[in-house]
Amino acid sequence: MIRKPIFAANWKMNKGPSETEDFAKSLLSKVQNRTFPCDIVIAPPFVSLTKAAEILGNVSSITLAAQNCSQFDSGAYTGEISAMMLKEFFIHYVIIGHSERRSIFGETDEVINAKIRKAREVNLKPIFCIGETLEEREGGRLEKVLRTQVSEGLKGLSERDLLDTVIAYEPVWAIGTGVTATAEQAQDTHAFVRSLVAEQFGADSAAKIRIQYGGSVKPGNAAELMACPDIDGALIGGASLEPQSFLDIIEKGAP
Ligand code: PEP
């Protein structure tokens, strides 16, 4: 297979260090001595990364992600964490441009592009989130919205940087709502996103980049969604907060 699927748990603002310890110990007991045909990534809040690394750091198929990074290097940016600082945490990935960052914290495509570039400068792999609102989809603006998000977000990346980036297509109307895109809707949109990457970077890169689906993925819908040819894993919010449910999604969705 040309693209290795990637399943990532986005815990959002859930689980401090002690709950992270419980989750990580439970997950460890279930995955120890197993190998997986996919990458597994967990994105706890910043303050819980050390605890997660302590317990899961030696599990070869599991790596850690941060949920955000600054677009700046260092200095007077109260409350921010730089990509370089994250690099010290033994983490590999960073989620950038999640719809909650866009809608609640006002992140623009330009800021998101700057964050992706900062992440790549220190060799962190961005999980770059894109997706349309229901109003945009119903108003016939799906393709325009995604075209802008992809072209602006990935602007200026080298091919190497592109291929170390994962795109997470997450229709905003499916995030945390219990409503999932149908497999057909998701596949069609993933194929469209891949075609956008092809326009910008060429067909070869487009065939190699991983595009995850996110939005109310659960054990019950993972197999159908992950069977789609252009879907390369999932970014999972609510259903990743419980170790067995996260593992069930991986087991049902991984090839
Ligand atoms: C997310 O926040 O990235 C997400 C996909 O959430 P949920 O799985 O809860 O819809």
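This is a predicted model: local features need pLDDT of at least 70, side-chain atom pairs count only at pLDDT 80 or more; totals for chains, interfaces and linings use all residues.

Me: Ok, ligand first. How many residues surround the ligand, and which are the closest?
Reply: The ligand is surrounded by 14 residues, and K12, E170, G176, S216 and G237 are the closest.

Me: What classes of residue make up that shell?
Reply: Eight are polar, four are nonpolar and two are charged.

Me: Which backbone atoms lie by an oxygen atom of the ligand?
Reply: A backbone N or O atom of G176 lies 2.7 Å from a ligand oxygen. For G238, a backbone N or O atom is 2.8 Å from an oxygen atom of the ligand. The protein covers 95% of the 290 Å² of accessible area that the ligand has on its own.

Me: And what about the side chain of N10?
Reply: A polar side-chain atom of N10 is 3.5 Å from an oxygen atom of the ligand.

Me: New topic. Which residues of helix α2 are buried?
Reply: In α2, residues 49-56, the buried ones are L49, A52, A53, I55 and L56. They pack against α1 (17-31), α3 (83-87) and the strands β2 (39-43) and β3 (62-66).

Me: Now R194. Where is it?
Reply: R194 sits in helix α9, which spans residues 183-201.

Me: Buried or exposed?
Reply: R194 counts as buried because its relative accessible area is 8%, and the cut-off for buried is under 20%.

Me: What is R194 in contact with?
Reply: Leaving aside neighbours within four places in sequence, R194 has contacts that include R3, A206, D230 and D232. A polar atom of the R194 side chain lies 2.8 Å from the backbone oxygen of A206.

Conventions:
Residues are numbered from 1 along each chain as its sequence is written. Side-chain values use heavy atoms; hydrogens and water are left out. A residue is near a molecule or strand if one of its heavy atoms lies within 4 Å of it. A polar contact is a pair of N or O atoms within 3.5 Å; within protein, one must be able to donate a hydrogen and the other to accept it, and residues adjacent in sequence count only if both atoms are side-chain atoms. Accessible areas come from the Shrake-Rupley method with a 1.4 Å probe; for residues, only the protein chains shown count as cover. Ala, Val, Leu, Ile, Met, Phe, Trp, Tyr, Cys and Pro count as nonpolar, Asp, Glu, Lys and Arg as charged, and the others, Gly among them, as polar. Buried means under 20% relative accessible area, exposed over 50%, partly exposed in between (1.4 Å probe, protein chains only). Helices (H or I, at least four residues) and strands (E, at least two) are DSSP runs, numbered from the N terminus. Contact means heavy atoms within 4.5 Å.
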